[in-house]
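Keep the structure handy as you read.

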Amino acid sequence: MIKVESAVRDIISDELQKLKQHGDGKADQEADMIWEYQGPQTAKPVETESEDILLEMERLLYEDMRDEAIQIEVEALDEEDEYLAQAFLEHMQLTDKEANAKLWCPVCKQGELRETHNLVYCTMCKLRLDLGEDKINLEFLRERLANVHMDHLDRGCKSAPKFCLQTMFELTALYIQCEECNTFDVVI
């Protein structure tokens with residue numbers, strides 16, 4: 001607004017000077033020049049300024065378009081991550097019919113977990129959980145595995161965690177660990 005006011009003042013000042021000169025007996029040819037602006041600045045700086053403003057507006061437009069495209073891409077990736085996490089979870093959760101029949105080993109992901117007396121074991125790897133007098137069964141283990149998976153996903157980590165058996169203080173336990181988010185928790 002200040003630039004516009006300054007430009008208007010310059011134009012009016014120049015026109016007043018031309019009128020004063022015309023009144024002093026200048027030729028009629030110059031009278032035609034009264035309304036043509038040729039002030040102290042030629043029209044080029046104003047055009048250049050307008051071009052600069054248009055270029056800046058164009059740059060901002062392209063920047064906004066790029067930011068919007070990036071935002072759309074990030075949202076698409078987030079949706080894909082959520083879909084994959086949900087698909088992974090659904091894959092890990094067996095249907096009710098299969099739930100009573102099989103629970104896949106979280107360590108080797110190939111064997112089936114089975115329960116006999118106070119022992120949970122894998123049919124393919126060396127996973128052995130001696131439950132002793134604890135009232136833990138395969139259904140409880142299934143729920144714990146689902147809970148630790150959900151807790152891991154709720155932390156925002158999309159990496160697949162690993163499960164391992166470790167013995168500490170003469171107690172063997174099943175752990176979930178993820179190097180990406182530094183998770184290391186007891187499953188059972």
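Start with the charges: the count of salt bridges here comes to five. Bear in mind that this is a predicted model.

**Salt bridges**

- Within helix H3 (residues 43–92), Arg59 and Glu63 sit four residues apart, which is about one turn of the helix.
- Arg59 and Glu63 make a salt bridge, and their closest N and O atoms are 2.8 Å apart.
- Helix H5 has a pair of its own, Glu139 and Arg142, three residues apart or about one turn of the helix.
- In the bridge between Glu139 and Arg142, the closest N and O atoms are 3.3 Å apart.
- Buried or partly exposed, what are Glu139 and Arg142? Glu139 is partly exposed, with a relative accessible area of 37%, whereas Arg142 is buried, with 18%, because the cut-off for buried is under 20%.
- Arg155 and Asp185 also meet through their side chains in a salt bridge, at 3.0 Å from N to O.
- Arg155 lies in the loop between H5 and strand S4 (162–168), while Asp185 lies in strand S6 (residues 183–186), so this pair ties together parts that are 30 residues apart in sequence.

**The three-stranded sheet**

- Three strands make an open sheet with antiparallel pairing, in the order S1-S2-S3.
- Which strands are at the edges? They are strand S1 (113–116) and strand S3 (128–130), and each of them pairs on one side only.
- On average, neighbouring strands of this sheet are turned by 15 degrees against each other, direction ignored.
- The antiparallel pairing of S2 and S3 runs over three bridges.
- Tyr121 has Arg128 in S3 standing opposite.
- H5 lies across S1 and S2, and runs at about 145 degrees to S1.

**The nonpolar core**

- The largest nonpolar core has 19 residues, and the members that touch the most others are Leu113, Leu127, Leu141, Leu174 and Val187.
- Two or more residues of this core come from each of strand S2 (119–122), helix H5 (138–154) and strand S5 (171–178).
- The most comes from H5, which gives four residues.
- Beyond its neighbours within four places in sequence, Leu113 has contacts that include Leu103, Trp104, Val120, Cys122, Leu127, Leu138 and Leu141.
- As general background, nonpolar side chains tend to be buried together in soluble globular proteins.

**The aromatic pair**

- How many aromatic pairs does a search of the whole structure find? The search finds one.
- The rings of Tyr175 and Phe184 have centres 4.8 Å apart and planes at 10 degrees, so the pair is stacked.
- Tyr175 is buried, with a relative accessible area of 8%, but Phe184 is partly exposed at 37% relative accessibility.

Terms used. Residues are numbered from 1 along each chain as its sequence is written. This is a predicted model: local features need pLDDT of at least 70, side-chain atom pairs count only at pLDDT 80 or more; totals for chains, interfaces and linings use all residues. Side-chain values use heavy atoms; hydrogens and water are left out. Rings of Phe, Tyr and Trp (its six-membered ring) pair if their centres lie within 6.5 Å; planes under 30 degrees apart count as stacked, over 60 as edge-to-face and the rest as tilted. Buried means under 20% relative accessible area, exposed over 50%, partly exposed in between (1.4 Å probe, protein chains only). A nonpolar core is a set of buried Ala, Val, Leu, Ile, Met, Phe, Trp, Tyr and Cys residues joined through side-chain atoms within 4.5 Å. Contact means heavy atoms within 4.5 Å. Two strands pair if DSSP finds at least two bridges between them. Axes are lines fitted to C-alpha atoms, for helices over the stretch in contact, and angles run from 0 to 180 degrees between N-to-C directions. A salt bridge is a side-chain nitrogen of Lys or Arg within 4 Å of a carboxyl oxygen of Asp or Glu.
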